[in-house]
Amino acid sequence: MIKLLIISDDFTGALDTGVQLSAEGAATYVTLDSEFNMSDFTEDIDVLVINTETRHLDQEQAYKIVFSITRRARKAGIPYVYKKTDSVLRGNIGAEIAAVLNASGYKQIHFIPAYPEMGRVTKNGVHYADGVPIAESIFGKDPFDPVLYSDIPSIISSQTLIPTYVINQLEDNQWEDKEGILIHDSDTSEDMKKIAETLITGKSSCLLAGCAGFASLLPEILEIQGRKPVIPALSPHMFIACASIHPVSLAQCADARQKGAPQYCLSPEEKLDRFWLEKESANVLAQEILHSCQENPVVILNANGPGEPEATYKYAGENKISLERIRIDIVSVMGHMIEALLDRGMKATIFLMGGDLLCQFAKQTGMKVIFPICELERGVVLSEARYKGKKINLISKSGGFGQETLFTDLSKILENI
């Protein structure tokens, strides 16, 4: 029986949250199918994670999708629902949390957005990334989905009329009678544990929301644990496909390049032209990457060459390509290149950076299910999937996660697995 449903608005988020349960032995199933039939599902799993891909949709569409999923979960008798949110509050946060609450029939949902281990904390209802109010950080400058407010009630109230309350102290029990979205301050891991221990009691705690930070506390509290998974044998050679323009991701690529990792960059013309994949230059690039992966521990295919992202925006403007088309075309070209490399027998461990790239690759290859195994580093997830009938392992992460030396650090981990 499914004990916990997690609803995520992007694929890397679905995995970095689901892995918090699977790493503790909970049978965890991650699907791209937002119409997944929970009532007739017969496999013996503990946790179902549904990736809705609603981050880039409008609020009304996102609300309807999440509302429908939650309503079906309640009818299927799933006791706990966790609305996974972005750790820096991008996307339709308010609309989707409201959808869970309205569809459930309950009076309150507890929102714990912090992830102290990753530098995301909440104080007096204001969310911070590495000590900077979120809207003033690099996440406020995201070209596709900027965070406009640091005050969480302001974010939520811009998307729903449901009342919000900032909870500073749980001990006074004043939160118990409030109806709406309860936003919990949290500055440390100890704060998170206290919140978890207090909330997981009775029906008021059936609806929860937050990122992977709070999800990591659920296995023990909900008693969803088992035998921990075995890490499979992995190639020590790592192929990294980076479609993210986040400064953290770009710094990781630059660090590896400075340490000798070969990096192949796509020009604006290549990454925004799907027909380029049929040209001889794409074939030559694929052959070079394959050879390089045999000779080097780390090889990078980067959608961001010199002068980016400005060069891409300039090219797109000259060719009347919209911002949304840019986002879709880049991950489509990158996804097909990864397919071409696999079809030619690439043996390297594949690392996909950015939720859009991971989702596009899964969709175009027909992957409907992926099984998270463990975190190799905080926020860096190793998963198992099927590609054309064969098992493959994928590493993934959100663009903003990880230290600058992540690639070389991971390379050392792969050598010792």
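Analyst: In this predicted model, the count of aromatic pairs comes to 6. One of them is formed by Tyr115 and Phe401: the ring centres are 6.2 Å apart and the planes stand at 85 degrees, so this pair is edge-to-face, a label that applies to planes over 60 degrees apart. A pair of aromatic rings is described in just these terms, the distance of the centres and the angle of the planes.

The two partners come from separate parts of the sequence. Tyr115 sits in the loop between strand 5 (108–112) and strand 6 (120–123), while Phe401 belongs to the loop between strand 18 (390–397) and helix 14 (406–416), so their pairing ties together parts that are 286 residues apart in sequence. Both Tyr115 and Phe401 are buried.

Ring pairs also join Tyr29, Phe36 and Phe371 into a cluster. Another aromatic residue, Tyr128, has a charged neighbour: Lys123 lies over the face of its ring, 5.8 Å from the ring centre.

Ile200 and Leu222 are 22 residues apart in sequence, and their C-alpha atoms are 7.6 Å apart in space.

Helix 12 (residues 323–343) can be described by its span. Its 21 residues reach 31 Å from the first C-alpha to the last, close to the 30 Å expected at 1.5 Å a residue. Just after helix 12, Gly345 takes a positive phi of about 90 degrees.

Technical notes:
Residues are numbered from 1 along each chain as its sequence is written. This is a predicted model: local features need pLDDT of at least 70, side-chain atom pairs count only at pLDDT 80 or more; totals for chains, interfaces and linings use all residues. Side-chain values use heavy atoms; hydrogens and water are left out. Helices (H or I, at least four residues) and strands (E, at least two) are DSSP runs, numbered from the N terminus. The expected span of a helix is 1.5 Å times one less than its number of residues. Rings of Phe, Tyr and Trp (its six-membered ring) pair if their centres lie within 6.5 Å; planes under 30 degrees apart count as stacked, over 60 as edge-to-face and the rest as tilted. Buried means under 20% relative accessible area, exposed over 50%, partly exposed in between (1.4 Å probe, protein chains only). A charge sits over a ring if NZ of Lys or CZ of Arg is within 6 Å of the ring centre and within 35 degrees of the ring normal.
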